[in-house]
Amino acid sequence: AGARPRSISRPSLAASDAKLPAAGAIEIFARDAIVVALDGVPLAVRAARTDRSESGVAVTLEFDRATASRVSIRSDVPGRLANGHRELLTVHAPDGGVVLERLLDAQSGEVAVELATVAGRGRPAVELFDLGLRHILAGYDHLLFLVALLLGVSRLPSVITTVTAFTLAHSVTLSLAVLGFVAVPSAIVEP
């Protein structure tokens, strides 16, 4: 990554989010809710594109490249939607490589990238573990499901086996969905 980033934000709205507006209205919503700044100077959106699928809607916003030492991105998308919505934010370098990828929610809607430190990151496993841990602990639905599984368990080895089986099953199903092997509409999955 260099000091000339091209930022792309992909707020994903589930297809079950009731009656989604036309593509143009979603793009206007994204342009209004997302602010990208280089060294504190906000950038104008150069292009916007909407991609729809059975599993949801992705809006891609592109910003002109410029020389800078810090990129900051603030998104109000999750805060403007129903409680619990998250947004996948991806920042690409000019060569197309991923500089930053974060899952934003209503409480953590802003990120900053010091471009001088991007090249030396190299710790994706730690970041993925942290993201997974926050995903499970912040997801009350995960915790309630796990508590329901543990209601009939009274011995420590059974608790460890149940928690491990739940974590592995959740990881496998999430991996299959992310890799595109399984595509189930969110209207079925979420309930």
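Modeller: Ground rule for the sheet talk: two strands pair if DSSP finds at least two bridges between them. Helices (H or I, at least four residues) and strands (E, at least two) are DSSP runs, numbered from the N terminus. This is a predicted model, where local features need pLDDT of at least 70 and side-chain atom pairs count only at pLDDT 80 or more, while totals for chains, interfaces and linings use all residues. Residues are numbered from 1 along each chain as its sequence is written, and side-chain values use heavy atoms, with hydrogens and water left out.

Colleague: OK, what's the strand order in the open sheet of four strands?

Modeller: The order is 4-3-7-10, and the pairing is antiparallel.

Colleague: Which strands stand at the edges?

Modeller: Strand 4 (41-42) and strand 10 do; each has a single partner strand, so one side of each lacks a neighbour in the sheet.

Colleague: How many bridges join strand 7 to strand 10?

Modeller: Five, and the two strands run antiparallel. Arg 74 stands opposite Glu 110 in strand 10.

Colleague: Switching to the inside: which residues touch the most other members of the largest nonpolar core?

Modeller: Ile 34 and Ile 73, in a core of 22 residues. A nonpolar core here is a set of buried Ala, Val, Leu, Ile, Met, Phe, Trp, Tyr and Cys residues joined through side-chain atoms within 4.5 Å. Buried means under 20% relative accessible area, exposed over 50%, and partly exposed in between (1.4 Å probe, protein chains only).

Colleague: Which element gives the largest share of this core?

Modeller: Strand 6, with four residues. Elements that supply at least two residues each include helix 1 (23-33) and strand 8 (87-92).

Colleague: And how many aromatic pairs does a search of the whole structure find?

Modeller: One. The ring centres of Phe 145 and Phe 166 are 5.8 Å apart and the planes are at 40°, so this pair is tilted. The rule: rings of Phe, Tyr and Trp (its six-membered ring) pair if their centres lie within 6.5 Å; planes under 30 degrees apart count as stacked, over 60 as edge-to-face and the rest as tilted.

Colleague: Is Phe 166 buried or exposed?

Modeller: Phe 166 counts as buried, at 11% relative accessibility, whereas Phe 145 is partly exposed at 48%.

Colleague: Last one: where does Phe 181 lie?

Modeller: In the loop between helix 6 and helix 7. Phe 181 counts as exposed, at 63% relative accessibility.
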